[in-house]
Amino acid sequence: MAAPGENMRVNADRLWDSLMDMAKIGPGVAGGNNRQTLTDADAEGRSLFKRWCEAAGMSVSADKMGTMFATRPGTDPDALPVYIGSHLDTQPTGGKYDGVLGVLSGLEVIRSMNDLGIRTKHPVVVTNWTNEEGARFAPAMLASGVFAGAIDLDHAYSRKDPDGKSFGEELARIGWVGEEEVGARKMHAYFEYHIEQGPILEAEEKQIGVVTHCQGLWWLEFTLTGREAHTGSTPMNLRVNAGLAMSRIIEMVQAVAMEAQPGAVGGVGQMFFTPNSRNVLPGKVVFTVDIRSPDQAKLDGMRARIETEAARICEALGVGCSVEAVGHFDPITFDPTLVASVRKAAEDLGYSHMNIISGAGHDACWAAKVAPATMIMCPCVGGLSHNEAEDISKDWASAGADVLLRAVMETAGIVE
C-alpha cells in the first residue's frame, strides 16, 4: 500500500473519460446536456453510474426519493460513513460538468483508493442526489431537502413539472423508488466538489476554491391575474395587463438587489404567459423571483420589500397578485474542521487556492443541517454555467479531485 503523501492523486485521464462518457447521455443541442431529472436520459445516466460503481467494488442502493448511495466498506463496521455527493441531473440547456463533476470525482476517489490499495476506517459513500437542479420540479435540492427533514416526502412526491406530471409518478416510471427511508442514514462528514459557476477563481488564477459559506436563497413564485383582451382593439386605459405588472416587478427586483449591494443578487429566470398568444394580453402570468445573499437579515429584508412592492404595483394596475415561497434555505457556514482539511490538502499538493462563498445552492447546504459538511470548487471558463457552453479543463477537474481524495482519506482515516 502507498504511504500517505506518496502518489496521492487521482487518474486524471480516467476521470475525464468518465465525464465525456456520461455527457453522451442526454446530449443538448449545442455541446452540453439535457438530462433533466426523472427523464429517460436520467434513468440511463443512473444505470451507467451504477455499473461503474459496482465495477469498482461498491454496493449501490437508493432511498424513497431515488437518491443513489454507492458504498465502499470501511474496516470498522460501527464507523459512520464519509459521504461524497452531488448530482447527475442537468438544466434543459445545461453543461457537462455542473453536478456531474462532483459525482464522478467521488467515483474516481474510490477507484484511486482501490488502485493505491488504501483502506479506510470509515466507509466512503458516493451519492447522486435526485433533482438538485429544480429545473423540472421545484424546489431545487429536493431530495437532499427531504433527507435533511426540511421538506415532507409527500410534498416532494406531489411536485409537478410544467406538463402536470408529478415527481412521485415519474420516479416510479423510471424505476428508481428505493426502499430506504429518506434521512435514515447518518453521516460522519459530507464533501461536495463542484465547478464554481462564477468567474472569481479564473479571474484570480486560483486552482482551488475552499468554500467557507453558501448564500441563502428565496424562490418566490408570483401568480399575476389580469384580463385576456385583444392587443389591438383594447384601449390602453381599459387594460388589466398582467404582463405589464410582471415587467414592473422585474425592474423593481433589480433595484432592490442593487440597493442591497454588496453581497446580494436577484432576478427572474422563468416565466409563463397564459394564453401566450401574440395578439392577446395575458390573463395570467406566473414567474419566479430568485434572491440570494450570505447575510440572513439582508436576504429576508429583500424578500419582505419585494413582496410589499409587488403588491403595490399590482394594485395600481388592477392586477391580482399571489406569491408562494417555492424554495428556501438559510445561509450556510461550512464545518471549520473540514474546511481546514480541504485547505491543507490544497497546500500539500501545491495547488493555488482561496476562500470562496458559493453563490449557487447545492445539496451540501442541506447536508450541512445534519452533518459536518464542506465544498471544494474548481474554476469554469468565464464563470459560465447553466449553459451548454459551460467549460472546464482536464487539469482543473483533476486538481479539485486530488484535493477531494486527500481530504476524504484524512477524514475517513487511512488504515495502515
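**A salt bridge and its surroundings**

A: In this predicted model, Asp402 forms a salt bridge with Arg9, and the closest N and O atoms are 3.7 Å apart. The two partners belong to distant parts of the chain: Asp402 lies in helix α12, Arg9 lies in the segment before α1, and 393 residues separate them.

Q: What is the general idea behind such a pair, and how many salt bridges does a search of the whole structure find?

A: Side chains of opposite charge can pair when their charged atoms come close. The search of the whole structure finds 17 salt bridges.

Q: At what angle do helices α1 and α12 pack, and how should I describe that arrangement?

A: Helix α1 (residues 12-23) and helix α12 (residues 394-412) pack at about 110 degrees, and their axes are 9 Å apart. An angle of 65 to 115 degrees counts as roughly perpendicular, and α1 and α12 are therefore roughly perpendicular to each other. Their crossing is right-handed. On the α1 side the contact is made by Ala12, Asp13, Leu15 and Trp16, and on the α12 side by Lys394, Ala397, Ser398 and Ala401. By class, the residues of this contact comprise five nonpolar, one polar and two charged.

Q: How do α10 and α12 cross, and which residues meet there?

A: Helix α10 (residues 336-349) and α12 have axes that come within 8 Å and cross at roughly 125 degrees. The two helices are therefore oblique to each other. The crossing of α10 with α12 is right-handed. From α10, the residues Leu338, Ser341, Val342, Ala345, Ala346, Asp348 and Leu349 meet Asp402, Val403, Arg406, Ala407, Glu410 and Thr411 of α12. This contact divides into seven nonpolar, two polar and four charged residues. Asp402, one of the residues in the contact, is also the salt-bridge partner of Arg9.

Q: How are α2 and α3 oriented towards each other, and what kinds of residue make their contact?

A: Helix α2 (residues 40-55) and helix α3 (residues 100-116) pack at about 15 degrees, with axes 10 Å apart. Angles under 35 degrees count as roughly parallel, so α2 and α3 are roughly parallel to each other. Here α2 passes α3 in a left-handed crossing. Phe49, Trp52 and Cys53 of α2 meet Val103, Leu104, Leu107 and Arg111 of α3. The contact has six nonpolar residues, no polar residue and one charged residue.

**The sheet and its helices**

Q: How should I read a sheet, and in what order do the four strands stand?

A: Strands of a sheet pair through backbone hydrogen bonds, either parallel or antiparallel. In this structure four strands form an open sheet in the order β10-β12-β8-β13, and the pairing is antiparallel. The edge strands are β10 (265-274) and β13 (320-329), each of which pairs on one side only. From one strand to the next, the twist averages 15 degrees.

Q: Over how many bridges do β8 and β12 pair, and which helices pack on the sheet?

A: Strand β8 (residues 216-225) and strand β12 (residues 284-293) pair in the antiparallel sense over 10 bridges. As a point of reference, Glu221 stands opposite Thr288 in β12. Helix α8 (residues 242-259) packs on the sheet and touches β8, β10 and β12; the direction of α8 makes about 170 degrees with that of β10. Helix α9 (residues 296-317) also packs on the sheet, where α9 touches β8, β10, β12 and β13; the direction of α9 makes about 10 degrees with that of β8.

**Backbone geometry**

Q: Which peptide bonds are cis, and where do their prolines lie?

A: Most residues other than glycine have a negative phi, and most peptide bonds are trans. A cis peptide bond joins Ala138 and Pro139, with omega about 5 degrees. Pro139 is placed in the loop between β5 (124-128) and α4 (142-147). Another cis peptide bond runs from Gln261 to Pro262, with omega near -5 degrees, and Pro262 is found in the loop between α8 and β10.

Notes. Residues are numbered from 1 along each chain as its sequence is written. This is a predicted model: local features need pLDDT of at least 70, side-chain atom pairs count only at pLDDT 80 or more; totals for chains, interfaces and linings use all residues. Side-chain values use heavy atoms; hydrogens and water are left out. Two strands pair if DSSP finds at least two bridges between them. Axes are lines fitted to C-alpha atoms, for helices over the stretch in contact, and angles run from 0 to 180 degrees between N-to-C directions. Contact means heavy atoms within 4.5 Å. Angles under 35 degrees count as roughly parallel, over 145 as roughly antiparallel, 65 to 115 as roughly perpendicular and the rest as oblique. A crossing is left-handed if the near helix is turned anticlockwise from the far one by less than a right angle, and right-handed if clockwise. Ala, Val, Leu, Ile, Met, Phe, Trp, Tyr, Cys and Pro count as nonpolar, Asp, Glu, Lys and Arg as charged, and the others, Gly among them, as polar. A salt bridge is a side-chain nitrogen of Lys or Arg within 4 Å of a carboxyl oxygen of Asp or Glu.
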